[in-house]
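This briefing sets out selected features of the structure shown below. The points are grouped by topic for use in computational work.

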Amino acid sequence: GTAMAKKDSSRRVDSAATAPLSVVILAAGQGKRMRSDLPKVLQPVAGRPLLKHVIDAAQSLAPAATYVVYGHGGDRVRETLKDEKVSWVLQAERLGTGHAVMQAVPNIPDDHLVLVLYGDVPLISKDTLTELLKLTGPKQVGLLTMVVPDPTGYGRVVRNKRGLVQKVVEQKDASKKELQIQECNTGVLAAPAVHLKKWLKKLKNNNSQGEYYLTDVNALAVADKMSVNPLVAPSNVEVLGVNDKAQLAEVEAAYRQRTAHALMIAGVTVVDPARLDVRGSVSHGMDVFLDVNVILEGAVKLGNRVRVGPNCVIRNCEIGDDTEVFANC
């Protein structure tokens, strides 16, 4: 029996894996809370725009196509990222996340899987998205969720007895019992294009915002007897959205920590991981030593036994074996 079950589950994964992928990135938000002339999705994390991080995550999955839905006045966004291999789709009126995805789906063939990402959620990883796509198939929707200590304000994920998603309930519509749920919706989902198109047409905007919410697709999928498979994000930093400068700094710190950790696991000595900024790509040899307050920008290559003293900025450099860079360079 177990061998059959195993075989069956692997077949399900294969069927999902063979469907071509189209990614839709929602990037139309204005970002008023940033209090900045720079559009929200162009705010920098580790020296690159938020949206660039998301496009890179999408491209890591080798999709057939990536669509970026941008908003009114978003010409600067297009101009800044004009070299990216994406198709730009204008959402002329901001009528909600469901409406935004609607702008892109007419371009997507019915036999594709559609993955929806957000231009202000920059730390989403390839591994997590790959897992999510494994839970998606002709009769399956994958929904990325997160478990948070304080779920206030988030849509709660209501599961059935089999552990599948029954619905997502917004805070204001939730019962007392539902408000206790700590598993929340991230908005990131993957679904077969042919069904997604049908559900988007059925969305209603009878809510306090008068908007069409992508979230409502989950209940429509369940009504169509499809399973909505939840995947809990392995770390909440991956699904952190950025709405203001405080959250921008939080994401920057998480990125800094992630990059420093990867370097240390690869054998680099980092004196204080909280005081190393990597704003680009680093390749390195053995026994590299990085002191505090080092900033590595652009493409940096460090040879074997390179030592970098405190308070140094190294930008687009290749530093040969056995070199010591003294303090304050």
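Leaving aside its neighbours within four places in sequence, with which residues is lysine 197 in contact? Lysine 197 is in contact with Val105, Ile108, Pro109 and Asp110, where contact means heavy atoms within 4.5 Å. This is a predicted model, in which local features need pLDDT of at least 70 and side-chain atom pairs count only at pLDDT 80 or more, whereas totals for chains, interfaces and linings use all residues. Residues are numbered from 1 along each chain as its sequence is written, and side-chain values use heavy atoms, with hydrogens and water left out.

- Lysine 197 belongs to helix H7 (residues 193-202); helices (H or I, at least four residues) and strands (E, at least two) are DSSP runs, numbered from the N terminus.
- With a relative accessible area of 18%, lysine 197 is buried; buried means under 20% relative accessible area, exposed over 50%, and partly exposed in between (1.4 Å probe, protein chains only).
- A polar atom of the lysine 197 side chain lies 2.5 Å from the backbone oxygen of isoleucine 108.

**Salt bridges**

- The whole structure contains 16 salt bridges, each defined as a side-chain nitrogen of Lys or Arg within 4 Å of a carboxyl oxygen of Asp or Glu.
- Side chains of opposite charge can pair when their charged atoms come close.
- Aspartate 56 forms a salt bridge with lysine 52, with the closest N and O atoms 2.7 Å apart. Both residues lie in helix H2 (residues 50-59), 4 residues apart, or about one turn of the helix. Aspartate 56 counts as partly exposed because its relative accessibility is 28%.
- Glutamate 131 forms a salt bridge with lysine 134, the closest N and O atoms being 3.2 Å apart. These two residues are separated by about one helical turn because they are 3 residues apart in helix H5 (residues 126-134). Glutamate 131 is partly exposed at 37% relative accessible area, and lysine 134 is partly exposed at 36%.
- Aspartate 277 forms a salt bridge with arginine 256, the closest N and O atoms being 3.2 Å apart. This pair links distant parts of the chain, with aspartate 277 in strand E13 (residues 276-284) and arginine 256 in helix H9 (residues 245-265), 21 residues apart. Aspartate 277 counts as buried at 14% relative accessibility, whereas arginine 256 is partly exposed at 22%. Salt bridges that share partners join Arg256, Asp277, Arg279, Glu297 and Arg315 into one network.

**Parallel sheet**

- An open sheet is formed by 4 strands in the order E12-E14-E16-E19, with parallel pairing. Its edge strands, E12 (269-270) and E19 (324-325), each pair on one side only. Two strands pair if DSSP finds at least two bridges between them.
- Strand E14 (residues 289-290) pairs in the parallel sense with strand E16 (residues 307-308) over 2 bridges. Phenylalanine 289 has arginine 307 in E16 as its bridge partner.

**Backbone angles**

- Most residues other than glycine have a negative phi.
- Asparagine 316 has a positive phi of about 45 degrees although it is not a glycine. Asparagine 316 is found in the loop between strand E17 (312-315) and strand E18 (318-319), and it is exposed, with a relative accessible area of 54%.
- Asparagine 328 has a positive phi of about 60 degrees, although it is not a glycine. Asparagine 328 lies in the segment after E19 and counts as exposed at 56% relative accessibility.

Conventions
Polar contact = N/O pair within 3.5 Å; in protein donor to acceptor, adjacent residues only side chain to side chain.
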